[in-house]
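Subject: Structure for your study

Dear colleague,

Please find below the structure that I am handing over to you. I should be grateful if you would look through it alongside the notes that follow.

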Amino acid sequence: MFDISLYESFRGKSGGIISLDSVNSTNIYAVSGSFPAFTVITAEEQTEGRGRSGRKWHSLKGLNLYFSIVLNGIEPQKLLPMNIFAGYVMADTLRDVAEIKIKWPNDIIAGGKKLAGILMETSFSGGTLEKAVLGIGLNVNIDEFPEDIAHMATSLKLLTGRNFFREELLASFMNNLESGYDDFITNRIDLVKLWSDYSAFLDKKISIHKDGVKTQYTERGIDDFGCLKVENDQGRPETIVTGDIGYDFCR
Ligand code: BTN
C-alpha cells in the first residue's frame with residue numbers, strides 16, 4: 001500500500017486517494033464506483049490493466065504507477081483536450097528527470113521509447129456524459145520488460161539508473177494537474193503551444209496507423225480541440241481525430 005502523506009499534504013481539489021493492493025484495472029474500479037471529483041484510485045498491481053486501442057497495459061506489482069483520476073463534471077468537448085492537458089502535465093512533471101517528449105495524443109516518450117501512457121474512459125447515460133476517468137500508467141522502477149514490448153518501452157529507472165519514490169511522483173503530478181486545471185478549463189493556458197513544445201514530431205515525418213492502414217504525413221501540431229494537424233504527401237492540410245502515430249520515426 002502507498003504512503004500517501006506527501007499527497008495528502010497538498011491543499012488542492014483532491015477527493016482523496018484510494019490505495020489498492022491489487023485490482024483488475026484502476027479505470028474499471030473508478031468508472032464502476034461513485035466517487036467525488038478528483039478522487040485518485042491507485043493500485044500496486046493491475047491484473048487486467050488496459051491500454052489504448054484495446055491493448056493490454058503490463059502492470060507488475062510494486063514497481064510502477066497505475067492510477068485513475070475521477071473527472072466528474074467535465075464538459076464532453078473538454079475530454080480530448082483533457083487527454084492532451086494530462087500528457088503535457090506528465091511531460092512537465094518529469095522534465096527534470098529525463099528529456100521527455102509527447103507522441104500524439106499523449107504517449108510520454110523518452111529515449112525513443114514509451115515511458116507512460118494515458119487512457120481516458122467514459123460512461124454515457126442517454127447521450128449524457130455520466131462519468132469520465134483518466135487512467136495513467138507510468139513505468140517507474142521496472143528494469144526488465146516482457147520480450148514483446150522491450151524494444152519500445154522504457155522506465156525512469158532504465159533512463160537514470162536509480163529508483164524513484166512512486167508516491168512522490170504521484171504527488172508531484174497531481175499537484176501540477178490540480179494547480180493548472182482551472183486555467184485549462186477556462187482556456188487561460190495556451191495548450192496548443194505548451195503541448196507542441198514537448199511534441200516529438202513537430203514538423204517531422206510521421207506515420208499514422210488507423211484500422212490496419214499506415215499513412216505518412218508531416219506533423220504540424222494540434223488544434224484547439226486536441227486533434228492532430230498534419231500535411232499529406234502533396235502538402236495538403238488534414239486533421240487526424242483518431243489513430244496512433246507509429247514508432248518507426250522515433251528516436
Ligand atoms: C496507453 O495505452 O498508452 C494507455 C495506458 C494507460 C494505462 C493506465 S494504468 C492505470 C489505468 N488503468 C488501466 O487499466 N489503464 C490505465
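The bend at a residue is the angle between two axes, one fitted to the seven residues ending there and the other to the seven starting there. Helices (H or I, at least four residues) and strands (E, at least two) are DSSP runs, numbered from the N terminus. The model is predicted, so local features need pLDDT of at least 70 and side-chain atom pairs count only at pLDDT 80 or more, while totals for chains, interfaces and linings use all residues. Residues are numbered from 1 along each chain as its sequence is written, and side-chain values use heavy atoms, with hydrogens and water left out.

Helix α5

With the bend defined, α5 has a kink of about 30 degrees, centred on S179. The helix covers residues 166–185, and its 20 residues should span 28 Å at 1.5 Å a residue. The expected span is 1.5 Å times one less than the number of residues. The end C-alpha atoms of α5 are 28 Å apart, which agrees with that expectation.

Buried means under 20% relative accessible area, exposed means over 50%, and partly exposed lies in between (1.4 Å probe, protein chains only). The buried residues of α5 include L169, L170, F173, M174, L177, Y181 and F184. An α-helix has 3.6 residues a turn, so residues three or four places apart point the same way.

N187 follows α5 and is placed in the loop between α5 and α6. Its phi is positive, about 60 degrees, although N187 is not a glycine. N187 counts as exposed because its relative accessible area is 57%.

Helix α3 and its two partners

How many of the 15 residues of α3 are buried? The number is 13, so α3 is largely enclosed by the rest of the structure. The 15 residues of α3 should span 21 Å at 1.5 Å a residue, and the end C-alpha atoms are 21 Å apart, which agrees.

Two packed helices are described by the angle between their axes and the distance between the axes. Axes are lines fitted to C-alpha atoms, for helices over the stretch in contact, and angles run from 0 to 180 degrees between N-to-C directions. Angles under 35 degrees count as roughly parallel, over 145 as roughly antiparallel, 65 to 115 as roughly perpendicular and the rest as oblique. A crossing is left-handed if the near helix is turned anticlockwise from the far one by less than a right angle, and right-handed if clockwise. Contact means heavy atoms within 4.5 Å.

The axes of α3 (residues 79–93) and α5 come within 10 Å and cross at roughly 135 degrees. The two helices are therefore oblique to each other, and their crossing is right-handed. Among the α3 residues at this meeting are F85, V89 and M90, and among those of α5 are F173, L177 and Y181.

Residues in loops and in a strand

D224, between β9 (213–222) and β10 (228–231), is in contact with P81 and V192, leaving aside neighbours within four places in sequence. Is D224 buried or exposed? D224 counts as exposed, because its relative accessibility is 68%.

A132, in strand β7 (residues 128–138), is buried, with a relative accessible area of 2%. Beyond four places in sequence, the contacts of A132 include V70, N72 and L79. V70 and N72 are also among the residues touched by F35, again not counting residues up to four places away. F35 lies in the loop between α2 (26–32) and β2 (40–46).

Backbone details

Most residues other than glycine have a negative phi, and most peptide bonds are trans. S53 is not a glycine, yet has a positive phi of about 55 degrees. S53 lies in the loop between β2 and β3 (65–70) and counts as exposed at 56% relative accessibility. The peptide bond from W104 to P105 is cis, with omega near 0 degrees. P105 lies in the loop between β4 (100–103) and β5 (107–110).

Yours sincerely
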